[in-house]
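I opened the model to look up its sheet, its core and a few single residues.

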Amino acid sequence: PVLFFIIMFRNKLPSRRPCNIIKLMKHSEKYYVIIDYDPLTYEPRGLHCYGPKPGCDIWAILHEVMPIISWNIQCMKDPSRIGEFFKNQKISVLSDIIEVFVNEHKEWKKYNE
């Protein structure tokens, strides 16, 4: 019989990105908006949200949409413009979460331009 040995080397994970957690209250529910910052420039470049009960409708929506929004933010030259689309929409919780990011990015731009 021939024995095969598989050697797996663990890749060291990169350092965590700096982040800020902001608590948002909407419809008597707590949402925790997490904004990731670029480690070199501290520009807000990522957006995540936790808070609603797992399994409820808004939980499903946030877990489907937030990775797409975060990816778009990371690809945009001016991520604060992502709020322009949501400003006129009637998606209240999602609009509020985006607004938290937009305000954070505008604050960063005010001090870094």
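I count two strands as paired if DSSP finds at least two bridges between them. Helices (H or I, at least four residues) and strands (E, at least two) are DSSP runs, numbered from the N terminus. This is a predicted model, so I note that local features need pLDDT of at least 70, side-chain atom pairs count only at pLDDT 80 or more, and totals for chains, interfaces and linings use all residues. Residues are numbered from 1 along each chain as its sequence is written, and side-chain values use heavy atoms, with hydrogens and water left out.

**Sheet**

I found an open sheet of three strands, in the order β1-β2-β3, with antiparallel pairing. β1 (19–26) and β3 stand at the edges with a single partner strand each, so one side of each has no neighbour in the sheet. For angles, axes are lines fitted to C-alpha atoms, for helices over the stretch in contact, and values run from 0 to 180 degrees between N-to-C directions. β2 and β3 pair over six antiparallel bridges. I looked up Val-33: its bridge partner in β3 is Cys-49.

**Helices on the sheet**

Contact here means heavy atoms within 4.5 Å. α1 lies across β2 and β3 and runs at about 175° to β3. α3 lies across β1, β2 and β3, at about 150° to β3. I checked the length of α3. The expected span of a helix is 1.5 Å times one less than its number of residues. For the 21 residues of α3 that gives 30 Å, and the end C-alpha atoms are 30 Å apart, which agrees.

**Core**

I take a nonpolar core as a set of buried Ala, Val, Leu, Ile, Met, Phe, Trp, Tyr and Cys residues joined through side-chain atoms within 4.5 Å. Buried means under 20% relative accessible area, exposed over 50%, partly exposed in between (1.4 Å probe, protein chains only). The largest such core has 20 residues; Val-33, Leu-47, Met-66, Ile-69, Ile-82 and Ile-97 have the most contacts inside it. β2 (29–37), β3 (44–50), α1 (57–75) and α3 (92–112) each give two or more residues to this core. Which element gives the most? α3 does, with seven residues.

I then took Met-66. Beyond four places in sequence, Met-66 touches Leu-47, His-48, Cys-49, Leu-94 and Ile-97.

**Phe-101**

Phe-101 lies in helix α3. Is Phe-101 buried or exposed? Phe-101 is buried, at 0% relative accessible area. Outside four places in sequence, its contacts include Ile-35, Leu-47, Ile-73 and Ile-82. Phe-101 and Ile-22 are 79 residues apart in sequence, yet 9.8 Å apart in space, C-alpha to C-alpha. The buried residues of α3 pack against β1, β2, β3, α1 and α2 (83–87).

**Cysteines**

I searched the whole structure for disulfides (cysteine sulfur pairs within 2.5 Å). The search found zero. Cys-19 is partly exposed at 42% relative accessibility. Cys-49 is buried at 6%.

**Positive phi**

Most residues other than glycine have a negative phi. I noted Ser-28, with phi near 60°. Ser-28 lies in the loop between β1 and β2 and is exposed, at 74% relative accessible area. Tyr-42 also has phi near 60°. Tyr-42 is found in the loop between β2 and β3 and is partly exposed, at 49%.
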